[in-house]
Amino acid sequence: MSHQTLEPRRRAAVDIKLLRLELVPRGRTPCEQISHEWSPAQPTENLSPDAAAALLRVDIWAPQSVVRERYKKLQLRYPPEQFPERHVQLRPAFELLSEPVVRLNWFWQSGLIPNMTSTLQPTDSPLWNRDTSLNPMTPEDALNALLEARF
Amino acid sequence: MADRPSPEKRLLEGLRHNWSAFSKSLASVEQHPQFNDFLSQYRGHAESVPVESREPLRAFFLAHWKSSFIECFNQAALTAEDLSEEFLKEFEASFNMVVHYWLGRNDRNFQFRTVVHFLGLADAQFAFEVGEGRFSFRVSEWGLSFSQRGLFDAFPRRHSLARVCGVSSFVENAEPSLPDEQKLFRTIRILQREFCLLMDEWEHCNSILAVKQFSIRKLHQTDPEQGQAILMEIASVRNALARWCVRSAADFQKFIARLGGRKSLHADVAAELSALDSLVLAGFQKFLLPASVSRHVYSNDVLIECLNWVDARLEIHPDDLFSLIGALVFHAALNREGDANALCERILGRSFEWTLSADPSAALKSVCWGLTRFEHRFFSAALVVVLDSKLAPSILDSHWLQTLASVVEMPGTFPLPDKTISDLKIASDNFEKIQSRAVSTLERCCAQSRDEALQAARFVLEFLRSDPQTDEDACDEGDPS
């Protein structure tokens, strides 16, 4: 796991990650809106957003439509019937990155805070790219926001 | 004179001007030879014995902060009238939000609290004069507080997170251009990240409080008075912390409701927004837990923030029974009037016409001390019916029966007197219908369960059938019609 994209929450939080419950629970819940059934084939515990992004060759924080488009292209290039073993890898990666809730859930369970940077070009993804992505909030940002918000 | 910024703004600008001095002195602790060892061991708790070798650094730190504050106030050129208690508390809230985002070495374990614990600053108080104003500040592990009269809260004030996340300054355009959409996408991502961090902070602070509470368990026998005082302080910190968290959640939810009402959202923006919506819902459920975990009774101001959250959620999810039940139980706990008839009609109607976005039992448990016996019985019966209609396959298994049993026994575990006056309006035939459906569901469960599940089902069933006399009295009071 590369440390460029992830920032440990607190030292202890990484140690306790196995104890951490899912933020948005699956299975034992009547929640219609937030229960996303995970496909049983998905090796969620072993798949990190970094690995998924490397597989699909997209940005971790790419918007949903960008991930979908990329996946569609890969499916055309490697049709699932002809490249089943490749597709077994691609599909979970697609499911992890294309659904914002699933991605947030992964970060929560892993005990890590997302570092929301991007390497996308503005032409590939107008909404979210290297110019619009986020740096961690600093006290100066907070002060500026407070001055802007109130007056 | 009309163009002169308000005193609040002038003071914040003074702070912006001097912030580097504050952050320099915060970072200066890492020069201390013992600091690296301290940080590697640090888990959010103060050391029991103060260390003498840190005394000079402590004195230096406090003197430096004091002079920096005087500098800020002097630059703002405030008059004695400006420096009211409320004005100081507002500044306290802003200052604590700024400090909230300070991290040393980019390490989340190295926060303001770390510095306070390393230097033993907790409860350090200082008085100072600025012009004609005299006031004092106090340092605690939760932040800094200011006061004129030396009245400090156990948990200093903080602004809602929405203020620093660009929510309140967010301007909507009727026909959004690309930069508007970019800004919106960015703001939603900021909210997602900051809400994750808020929940992380919430869990961290709660674990600190739990350790505190655990460490005074022996004090109750040796010095009950001091033990009680510490418990009271822990309770007020819990309230203020929850108030800050729930208020932030409510502000985020209002933002979601505001955008959710917009018809043409970009598909990517809509997906991120709905993820944020689920995230805030999950966080809100966490904020309800102290009642079940520590038997903590939330104060009214926390419950009012809970109601604000529920109202904002109902704006975009009017058919969500989690929020509808939540609204009624929070109203009941606040001794406000509530009308349960609409809820009953929905529950008794067709189940595909409403949704259940989360398990309502946490909300019910968190305020069960504020319900009368009758209200508690009604909501428990409603919970049985609601869960039963939404579960697939339609059978309450052992897990859900245990949940129901814990809801039933919860009020008895709070050391509070029973509430007797109910302001909940409910027609008696609606109550009867819900009650009889709950009973028949549980009878079906009893026939199909065994062992622990059977025990739990019997326990809940017994509760629903018990004590008709007292309950009918309560029902009459509750329903004057």
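## Close-up views of a predicted two-chain model

**View 1. S136(B) sits in strand β2 (residues 133–140) of chain B.** Helices (H or I, at least four residues) and strands (E, at least two) are DSSP runs, numbered from the N terminus. This is a predicted model, in which local features need pLDDT of at least 70 and side-chain atom pairs count only at pLDDT 80 or more, while totals for chains, interfaces and linings use all residues. Residues are numbered from 1 along each chain as its sequence is written, and chains are lettered from A and ligands numbered from 1 in the order in which they are written. Because S136(B) has 16 C-beta neighbours inside 10 Å, it counts as partly exposed (buried means 20 or more other C-beta atoms within 10 Å of the residue's own, exposed 12 or fewer, partly exposed in between, with C-beta atoms placed from the backbone). Leaving aside neighbours within four places in sequence, S136(B) is in contact with Q125(B), F126(B), A127(B), S147(B) and G150(B); contact here means C-beta atoms, placed from the backbone, within 7 Å. K66(B) is 70 residues away along the chain, and its C-alpha atom is separated from that of S136(B) by 9.8 Å.

**View 2. Three strands of chain B form an open, antiparallel sheet in the order β1-β2-β3.** The edges are β1 and β3 (143–147), each pairing on one side only. Neighbouring strands are turned by 25 degrees against each other on average, direction ignored; axes are lines fitted to C-alpha atoms, for helices over the stretch in contact, and angles run from 0 to 180 degrees between N-to-C directions. Helix α3 (residues 55–76) of chain B packs on this sheet, touching β1 and β2, and its direction makes about 30 degrees with that of β1(B). α4(B) lies across β2 and β3 of chain B and runs at about 165 degrees to β3(B).

**View 3. Here is the hairpin of β1(B) and β2(B), with two residues between the strands.** Strand β1 (residues 125–130) pairs with β2(B) in the antiparallel sense over six bridges, where pairing asks for at least two DSSP bridges between two strands. Look for F128(B), whose bridge partner in β2(B) is F135(B), and for A127(B), which stands opposite S136(B). At G131(B), phi is positive, near 55 degrees.

**View 4. L321(B) lies in helix α12 (residues 321–333) of chain B.** This residue counts as buried because 24 C-beta neighbours lie inside 10 Å. Not counting residues up to four places away in sequence, L321(B) touches R346(B), W354(B), L356(B), P360(B) and V386(B).

**View 5. In chain A, helix α3 (residues 64–77) packs with helix α4 (residues 84–98) at an angle of about 165 degrees, their axes 9 Å apart.** The two are therefore roughly antiparallel (angles under 35 degrees count as roughly parallel, over 145 as roughly antiparallel, 65 to 115 as roughly perpendicular and the rest as oblique). Q64(A), V67(A), R68(A), Y71(A) and L74(A) of α3(A) meet L90(A), F94(A), L97(A) and S98(A) of α4(A). These contact residues divide into six nonpolar, two polar and one charged; Ala, Val, Leu, Ile, Met, Phe, Trp, Tyr, Cys and Pro count as nonpolar, Asp, Glu, Lys and Arg as charged, and the others, Gly among them, as polar.

**View 6. Where the chains meet, 55 residues of chain B are in contact with 43 residues of chain A.** On the chain B side, α6(B) gives the most, with 13 residues.

Methods. Two residues are in contact if their C-beta atoms, placed from the backbone, lie within 7 Å.
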